[in-house]
Amino acid sequence: MAARFVFLGPPGSGKGTQAALLADHLGVPHISTGDIFRSEMRSGSELGAKARGYVESGGLVPDDLVIEMVRTRISAADARAGFVLDGFPRTAEQAVSLERMLSGGKGRGLDAVIILELVDETVVARLSRRWTCSDCGMNYNLESQPPEREGFCDACGGRLARRSDDEPATIRDRLSKYREETQPLIDFYRARSLAVSVSASGPIEQIRDEVRRVANDKIGRRDTEDASSRTHSG
Ligand code: AMP
């Protein structure tokens, strides 16, 4: 059975980490539109060139460009069993397009939209400590996930730099944009009874387990490892 999830959450909520963990748990691809854009920009593709100005200033890439990219990605063979979307949809138009792509608005669409909740002060504090590898895109946090060698990537040895959209002033800007753009999406998914809120403060493992519990519940899956860690057997 296909498992289709969307993550919503402010920048810095651990959305990318949690989406990757859930995708891994479900055995489906993790599709992050932000990662795709950054990788296209690194490879110097035409799509990367079109997206660069928006991504670097923290603005949104135009809907038609993003929607086409996601349509192509979720039609790939590896997404037949489902996907975990991260960073898409970001606008009402994208949400409507996604619904149409999946089932024309009829039949089975998404299983759930997981909303990671975090207050603004925590977002700013977390993001100003985030550094990213300029070669492979791996993320580090100077406090909770520092690299072994300061300034260099553990995975590929590339140089670490702060993403230009992680500067404090840009973060505030991205946050108000996030709140503005996302509220209509939250309303959209609440109206379809698909929205589930999960607190994004606390240790990564605790949030992972809560997300997993929500997802398993939505797709009617029971894992032996989850079952054994529960206190009830229902
Ligand atoms: P993220 O890594 O999700 O914070 O995305 C980084 C940047 O990629 C955003 O600030 C936007 O410029 C662009 N981007 C990613 N996803 C979308 C989307 N669904 N719609 C528009 N722009 C996007």
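Helices (DSSP runs of H or I, at least four residues) and strands (DSSP runs of E, at least two residues) are numbered from the N terminus. By that definition, the protein has nine helices and eight strands. The radius of gyration, taken over C-alpha atoms, is compared here with a globule rule of 2.2 Å times the number of residues to the power 0.38. The value for the protein is 18 Å, close to the 17 Å that the rule gives for 234 residues, so the protein is as compact as a globular protein of that length.

This is a predicted model, in which local features need pLDDT of at least 70 and side-chain atom pairs count only at pLDDT 80 or more, while totals for chains, interfaces and linings use all residues. Residues are numbered from 1 along each chain as its sequence is written, and side-chain values use heavy atoms, with hydrogens and water left out.

**The whole chain**

A residue is buried under 20% relative accessible area, exposed over 50% and partly exposed in between (1.4 Å probe, protein chains only). Of the 234 residues, 44% count as buried.

**Helix H2**

Next, select residues 33-43, which form helix H2; Thr33, Phe37 and Met41 are buried there. Against which elements do the buried residues of H2 pack? They pack against strand E2 (30-32), helix H3 (46-57), helix H4 (63-74) and strand E3 (82-86); contact means heavy atoms within 4.5 Å. Gly44 follows H2 and has a positive phi, near 75°.

**Strand E4**

Now select strand E4, residues 112-117. Five of its six residues are buried, so E4 is largely enclosed by the rest of the structure. Two strands pair if DSSP finds at least two bridges between them. Strand E1 (residues 3-8) runs parallel to E4 and is joined to it by four bridges; Val6 stands opposite Val113. Five bridges join E4 to strand E8 (residues 195-199), also in parallel, and Ile115 has Ser197 as its bridge partner in E8.

**The three-stranded sheet**

Finally, display the open sheet with the order E6-E5-E7, whose pairing is antiparallel. Strands E6 (139-141) and E7 (160-161) are its edges, each pairing on one side only. Two bridges join E5 (residues 130-133) to E7, and Cys133 stands opposite Leu160.
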